[in-house]
Amino acid sequence: MATRARRRGSKTFGTAERHWLLWPPLIFFALLLVVPLVALFQQALTGQGNTFSEAVHMDVFAKAVERTLILAAVVTVVTVILGACYALAIAVGPVWIKVTLMAGLLISLWTSVMVRTFGWMLMELPTGALFWALDKLQLRSEPLSLYQTTPGMYPAMVAVMLPFAVLPVMAALSSLDGEQVDAATIFGAGPLLVLRAVVLPALRPALVSAGVLVFVMALGFYVTPLLLGGPSNMTLSGVINAQLNNANRADVGAAMSIILIGGTVVIYLIADRLFKVSERWG
């Protein structure tokens with residue numbers, strides 16, 4: 001009887017401990033997500049009329065949504081492909097390549113997005129670093145027209161998002177069964193066949209997770225598209241900022257923010273339904 005009582009008491013204590021451990025993340029979630037969302041809703045409802053309808057019917061908003069979706073889709077595809085190649089080079093390359101690539105990846109993660117974006121600005125300016133290199137190679141003598149254009153956003157966005165595609169693929173490669181690769185090689189499979197038949201199927205879940213992560217982040221990215229795309233090529237986050245700070249329409253900006261958040265959540269839920277992304281991350 002005493003043993004049963006001790007077991008029952010320890011079980012109850014363990015359950016109580018688990019309940020207490022839930023409180024910190026719940027409080028964190030409420031303070032950093034629920035409270036700002038409630039504030040956004042209140043701000044959107046302070047305007048006259050239906051601010052959500054007004055935001056949707058604004059021409060600049062529709063163009064920004066289209067530009068943002070195209071940017072996010074293209075950046076996701078290019079980033080996932082380059083990220084897979086980058087991770088594979090780290091996995092199979094010689095030591096000096098591994099050290100160099102890992103150093104570049106870590107420096108990219110540790111460097112501020114603002115600093116990296118300013119670096120791309122210095123490259124894309126009409127007489128910037130890219131023009132200087134092309135001029136030295138005698139490939140171009142006139143200033144570039146890349147800065148503050150839509151194409152100018154793409155390479156910088158890919159560079160900023162690349163670590164978020166490399167890390168999931170590296171994690172999948174670290175858990176790859178080397179015996180399968182050895183068996184395929186023993187039975188005469190060449191490098192391309194091993195890559196297509198063994199490695200890529202094992203990496204597919206990581207590639208999907210990386211693609212969803214990059215796409216969702218690109219939808220709301222602010223600094224890089226604003227500085228490199230300019231005021232005439234603003235993405236959705238730039239339009240929201242313009243409504244808040246320039247047009248003095250905080251109510252419309254709040255409505256746009258809620259639409260962006262809702263659209264991001266819907267896209268994630270669809271991706272989770274199709275590809276089981278949460279299971280990969282969990």
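Residues are numbered from 1 along each chain as its sequence is written, and side-chain values use heavy atoms, with hydrogens and water left out. As the model is predicted, local features need pLDDT of at least 70 and side-chain atom pairs count only at pLDDT 80 or more, whereas totals for chains, interfaces and linings use all residues.

A pocket is here an open set of points, on a 1 Å grid over the protein atoms alone, where a 1.4 Å probe fits, with protein on both sides within 12 Å along at least five of seven lines; lining residues have an atom within 4 Å of a point. Grid points are joined across faces, edges and corners, and the volume is the space filled by probe spheres set on the points. The lining consists of V216, L219, G220, I240, S257, L260, I261, T264 and V265. Helices α9 (191-219) and α12 (250-275) each contribute at least two of the lining residues, and α12 provides the largest share, with five. Helices are DSSP runs (H or I, at least four residues) numbered from the N terminus. By residue class, this lining holds six nonpolar, three polar and no charged residues; Ala, Val, Leu, Ile, Met, Phe, Trp, Tyr, Cys and Pro count as nonpolar, Asp, Glu, Lys and Arg as charged, and the others, Gly among them, as polar.

The second largest pocket has a volume of about 180 Å³. Its lining is formed by L88, A91, V92, L173, L176, V181, P191, V194, L195 and V199. Two or more of these residues come from each of α3 (59-92) and α9, with α9 giving the most, four residues. The lining of the second largest pocket comprises 10 nonpolar residues, no polar and no charged ones.

The loop between α6 (129-136) and α7 (150-174) contains Q138, and Q148 lies in the loop between α6 and α7. Q138 adopts a positive phi of about 60° although it is not a glycine; a positive phi of about 60° is likewise found for Q148, also not a glycine. Q138 is exposed, with a relative accessibility of 73%, while Q148 is partly exposed at 33%. Buried denotes under 20% relative accessible area, exposed over 50% and partly exposed in between (1.4 Å probe, protein chains only).

V38 belongs to helix α1 (residues 2-44) and is partly exposed, its relative accessible area being 41%. The C-alpha atoms of V38 and Q243 are separated by 19 Å, the two residues being 205 residues apart along the chain.
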